Amino acid sequence: MRQSMEPQQGPGVLRTIRWGQWGPCLALVVMCLGFALAEPRFATLDNIGVISDRCAIPLILSVGMTFVVLQGAIDLSVEGVMAASSLAVAMLVLNSRTGLDLGLFGMALAVLAGASIGLLNGLLVTRLGVPAFMATLGVWSVAMGAAMLLSGGQPPLIRDPALRAFGLGRTFSLPNLTIVALLVLALGFVLQNYTRFGRYSVAIGGSESLARQAGLPIDRCKVQAFALCGLLAGLGGTLESVRIGLGHVDIGVGQMFTTVTAVVIGGTSLSGGRGGVVQSAVGALMLAVLANGMIFVGISPTIQKAVQGAILLAVSLIATWQLRDRLRSVK
Amino acid sequence: MTEIVLRVENLRKRFAGVYALDGVSLEIRQREVVGIVGENGAGKSTLLKMIAGILRPDGGRIVLRGKGLSLRNTADAANAGIGMVFQEQSLLPNLSVAENILLGHEDAALRAGFYDWRRLRSLAAAQLDKLGSDISPSARTDALTFAERQLVELAKVLAIEQRTRTEPVVLLDEPTSMLDAGQIETVLAQIERLRGRASVVFISHRLEEVLRVCDRIYVLNHGRCVAEHDRASCSVADLQTSMLSHTTPAPHAPPAAAASKRPSTIALSVRALRCAGRYQAVSFDLRAGEVIGIAGAEGSGRESLCRALFGAEAPDGGDMLLDGQSIRLGGPADAVRLGIGYVPADRRIEGIVAGLSVAENMTLAQLDGLRRGPILDFSRERTLVRTWIERLRIAPASPQVLADRLSGGNQQKLVLARWLVARRPRILILDRPVRGLDVRAKMDMIRLIRELAASGIGILVIADALDELIAMSDRLLVMKDGAISGRFDAPDSLSERHILERMV
């Protein structure tokens, strides 16, 4: 019982990252090298800018999703939240439809709208006991409907020059949205590793019943995770809107798949308790690199979707393979 | 006499209408090590779980230092100064050791709401130091061995004293049952160490251990406290005697009648069956029409053995012969096909489907036999179900009642019926068939088991209380530490003492 553990060095946080989690990183590096060898134009600074641009919104979304999934739940309302906040921002800042011109404050309101939809998700799950899958699926549809109502078939155009400039602009040659995404990632990292909310989220995912038995505030953590996920989906929808310059119900189409895929292939387990925001960021980057690289090596856009799906399936299979063996030996 | 730290007054707990704990009172003094012994199902764990805030009592009081407690979870108990080391460990596997030790009480390691990991680790290390352990606080908990995790649990309990500024009450639920001899010594040494800074309650099946470390010992039997012993004036034999004294009327069934028509054919023969770490060299013969009871404490390997005989766990070696034919079970489906039935201990989880009716539950596994073409033959189902409801005396005698509306005893019969409806099994393995049943239901079930055996089925049965096991069985095997330590033909209550001696 006294045998000593292997001496370990380095800060505590890094020590909790284990070797198995480097798989996705390795895959990312291999993928980049492969594409770069096949097509030298892939490895140019310009193209890296394109990739980071493409990856910004999925990264923001997947940071929020990571906390929900870490707890063992799922949020399917992302696209609905994005649509609602897109319409909200487009009608609150200087635009072609309403007479409002709230500028940055309007943006903040749109993001908060996303957070309150997330809050609704959390309350449905914890207070009313609706399973996360069904609650967020329903809220997705409701938010989508609200966005359609606001849109009225005529998407409002965003005409605030400062916001458009921010959405399209660069700072120190990095796209502004990428900078926001990196800030969100940093925030997510701190939340996950240095706050009770983050650590309890990991604990809940590890075993909700043990966490409950230990008296952890489980419901509060769940509501916070859904609210955060909604807030970041709102931020994603808002940023995408100021980038393309209009509020549109389809602003988030495809993002649900991308987000969940990024989280899963990054190594965050859908049953919770394993993974984290950095892993999800790697997953988001992989998807962006893959989509971009496939164009370079001439894979037809029509089958790119299928390739992404196939990769998700392969990763899920690999991720659950060990688990399957373990289950077999137990049962 | 030193101060009384914890007093339990007339504590009661009911599960499904049956008292698991029926008015237990005891007291723990300062820096005292108190042992609690009793058969499986006597209520030891239930008692500790109520003191630790995991179960809520149905009656009675828990008084800590003169104040009545009302505990909702382990955090409440910890805040009051009570901590428990769990039999089925309570650490979160995917957190670090330090986080687990301070889980829910990280305030001292937070700086402006953010974790100061270095501080968290040093606080945890301070607790581990009390135990003389050098487990790294930053190690992931699931990377530790079982014994190391147990030490971490102990450190977590000791962390309580930092917060309450009083000496904690430490509850240990069979900390030694899963350990080897060397590790047991370490745990006992830890208990000695705890004596200097805490009050300890210790549950163990190993009576020698209890006598070695405990100052006083309470004996539980069928949910009641039947005796209190001082270590100074107590021997293993004294403990055994009090464990066996029955304060409640024992459910003695009609005497094992099978002796009259002692069957001849061997139905199942087990030869040198072994599974590393669980059981070794187990051999016995089960005859058609015979009931064999397997006695043994927690960790004796008897559950594992039964699961192997049903194909749910693969043994490492040895043979099983069914009617003289060697069989290999790839899974429970093979066992079912060969006519081996298994009724699990936890019928709520594994046995019945709560939302289905009695009839649906009964025929669930036999739908093939009730088909006419692709359509189920409902009139045949009805007749069949009615027959078995009558034969097993299931009440209420209605096929349409939802299964979860039945009492525990009737649910148990329903699970049994599922094995009987289509084709009579040759072997039935029953894991604790009378657990949680009241006295009448127990006697009814025991009679039923005897009847089933009389119809030619070979039955293997596990039960916790020895008197129950004796009432059910023609013969008895005793298992200890994975091996058969005793065999008893035609056991009666006189042999209880001898059986117990081989169990512990």
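**Helix packing in chain A**

In this predicted model, Leu163(A), Arg164(A), Phe166(A), Gly167(A) and Leu168(A) of α7(A) meet Leu239(A), Val242(A) and Arg243(A) of α11(A). Sorted by class, this contact of α7(A) with α11(A) comprises 5 nonpolar, 1 polar and 2 charged residues. The helices concerned are α7, residues 161–168, and α11, residues 218–244, both of chain A, and their axes come within 7 Å and cross at roughly 105 degrees.

By class, the contact of α3(A) with α11(A) has 16 nonpolar, 2 polar and 1 charged residues.

Helix α3(A), which spans residues 45–70, carries a kink of about 35 degrees at Ala56(A), shortly before the proline Pro58(A). Just after α3(A), Gly72(A) adopts a positive phi of about 90 degrees.

A further pair in chain A is formed by helix α4, residues 78–92, and helix α12, residues 255–266, whose axes come within 8 Å and cross at roughly 130 degrees. That angle makes α4(A) oblique to α12(A). The residues in contact are Val78(A), Glu79(A) and Met82(A) from α4(A), with Gln255(A), Met256(A) and Thr259(A) from α12(A). In terms of class, the contact of α4(A) with α12(A) contains 3 nonpolar, 2 polar and 1 charged residues.

From chain A the view can now turn to its partner. The contact between the chains takes 27 residues from chain A and 33 residues from chain B. On the side of chain A that touches chain B, α1 (12–15), α9 (196–206) and α10 (208–213) of chain A each supply at least two residues, and the largest share, 5 residues, comes from α9(A). That side of chain A has 11 nonpolar, 10 polar and 6 charged residues.

Chain B is divided into domain 1 (4–244), domain 2 (284–339 + 427–504) and domain 3 (352–422). Between domain 1 and domain 3 of chain B, the C-alpha centres lie 44 Å apart.

One open sheet of chain B has 4 strands in the order β2-β1-β4-β5, with antiparallel pairing. Strands β2 (18–29) and β5 (67–68) of chain B stand at its edges, and because each has a single partner strand, one side of each is left without a neighbour in the sheet. Strand β1 (residues 4–15) of chain B runs antiparallel to β2(B) and is joined to it by 9 bridges, with Glu27(B) in β2(B) as the bridge partner of Arg7(B). Helix α1 (residues 44–51) of chain B packs on this sheet, touching β1, β2 and β4 (59–64) of chain B, and its direction makes about 120 degrees with that of β1(B).

A second open sheet in chain B is formed by 6 strands in the order β18-β21-β22-β15-β23-β24, and its pairing is mixed. Its edge strands are β18 (340–343) and β24 (483–489) of chain B, each of which pairs on one side only, and the twist averages 20 degrees from one strand to the next. Helix α18 (residues 496–503) of chain B packs on this sheet, touching β15 (291–296), β23 (475–480) and β24 of chain B, with its direction at about 30 degrees to that of β23(B).

β18(B) pairs with β21 (residues 427–431) of chain B in the parallel sense over 4 bridges, and Ile340(B) stands opposite Ile427(B) in β21(B). β23(B) and β24(B), by contrast, pair in the antiparallel sense over 6 bridges, and the bridge partner of Arg475(B) in β24(B) is Asp489(B). The hairpin of β23(B) and β24(B) has 2 residues between the strands, and in this hairpin Asp481(B) takes a positive phi near 50 degrees.

Notes: Residues numbered from 1 in each chain as written. Chains lettered and ligands numbered in written order. Predicted model: local features only at pLDDT ≥ 70, side-chain atom pairs only at ≥ 80, totals over all residues. Bend = angle between axes of the 7 residues up to and from the residue. Contact = placed C-beta atoms within 7 Å. Nonpolar A, V, L, I, M, F, W, Y, C, P; charged D, E, K, R; others polar. Pairing = 2+ DSSP bridges. Axes fitted to C-alpha atoms, helices over the stretch in contact; angles between N-to-C directions. Parallel < 35°, antiparallel > 145°, perpendicular 65-115°, else oblique. Domains from an automatic or database assignment.
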